[in-house]
Amino acid sequence: MENNISLVEPVCKSSFDEAERNEKLDNLRESMKTFCQIDINFNKYVKCENELEKRRTPEDFETNKSFNELLEEYSKKKVNVEHHEMYLKLEEKIRLLRGELEDGVEVSRATPNIICPVSKQIMSNPMTNKLCGHIYDYSSVIELLKLSKKGIRCPVPGCVKALRFSAKDLEPNNAVKKYISQMEKEKN
């Protein structure tokens, strides 16, 4: 997925005419959607396996849900690949290179990242890491922080800062929370 994102700059800065450039960017978008769907499906399988592992006991092995039943349960929760963190990262890079972002800050027409990089789910309580700027869902990152007394490094792949942080380094991101709330109202 990172390689796909790295191809955006050469495409945007190439000598292609606008139609060719748009076609190549659309191809990058489609391949990223495929990669994101694979990632989403993989995470569903991992969640199912972890859930089964938690439930397994010798006494009630026959009463536990099967892997396929759990997978079907998780599959009912549809995740839009265009909300996947890596797809949003690709779109942000395209907008940045096309001048649709100003000084790395998204303009109002841009979509903020609403998917937690830890849980891969839409965030309910987004928190910004003050050290690197990445956003996580509070409950997901707190679970990770419980694993280490020294704090953890940013769980976002490729984070250039990757400094150890703790709960005191998190602050609520009200703009993203408001966006998610507005998006959910429009959906209903």
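Buried means under 20% relative accessible area, exposed means over 50%, and partly exposed is what lies in between (1.4 Å probe, protein chains only). What follows is a predicted model, where local features need pLDDT of at least 70, side-chain atom pairs count only at pLDDT 80 or more, and totals for chains, interfaces and linings use all residues. Residues are numbered from 1 along each chain as its sequence is written, and side-chain values use heavy atoms, with hydrogens and water left out.

**Salt bridges**

- The structure has 8 salt bridges, each being a side-chain nitrogen of Lys or Arg within 4 Å of a carboxyl oxygen of Asp or Glu.
- Glu82 pairs up with Lys33, with 2.9 Å between the closest N and O atoms. That pair links distant parts of the chain, 49 residues apart: Glu82 sits in the loop between helix H4 (67-75) and H5, and Lys33 in helix H3 (residues 18-55).
- Helices (H or I, at least four residues) and strands (E, at least two) are DSSP runs, numbered from the N terminus.
- Lys89 forms a salt bridge with Glu2, the closest N and O atoms being 3.0 Å apart. Here helix H5 (residues 85-97) supplies Lys89 and helix H1 (residues 2-6) supplies Glu2, 87 residues apart.
- Lys89 is partly exposed at 30% relative accessibility, and Glu2 is partly exposed at 34%.
- Lys146 and Glu143 also meet in a salt bridge (3.2 Å, N to O). Lys146 counts as exposed at 60%, while Glu143 is partly exposed at 47%.
- Asp26, Arg29 and Glu91 are tied into a network of salt bridges.

**Cysteines**

- You'll find 0 disulfides here, a disulfide being a pair of cysteine sulfur atoms within 2.5 Å.
- Cys132 is in no disulfide, and its nearest cysteine sulfur, on Cys154, is 3.7 Å away.
- Cys116 is buried, with a relative accessible area of 0%.

**The sheet and its helix**

- An open sheet of 3 strands runs in the order S4-S3-S7, with antiparallel pairing; two strands pair if DSSP finds at least two bridges between them.
- Strands S4 (135-137) and S7 (170-172) are at the edges with a single partner strand each, so one side of each has no neighbour in the sheet.
- Strand S3 (residues 126-129) is joined to S7 by 3 bridges, and Thr128 has Glu171 in S7 as its bridge partner.
- Helix H6 (residues 138-145) packs on the sheet, touching S3, S4 and S7, and its direction makes about 90 degrees with that of S4. Contact means heavy atoms within 4.5 Å; axes are lines fitted to C-alpha atoms, for helices over the stretch in contact, and angles run from 0 to 180 degrees between N-to-C directions.
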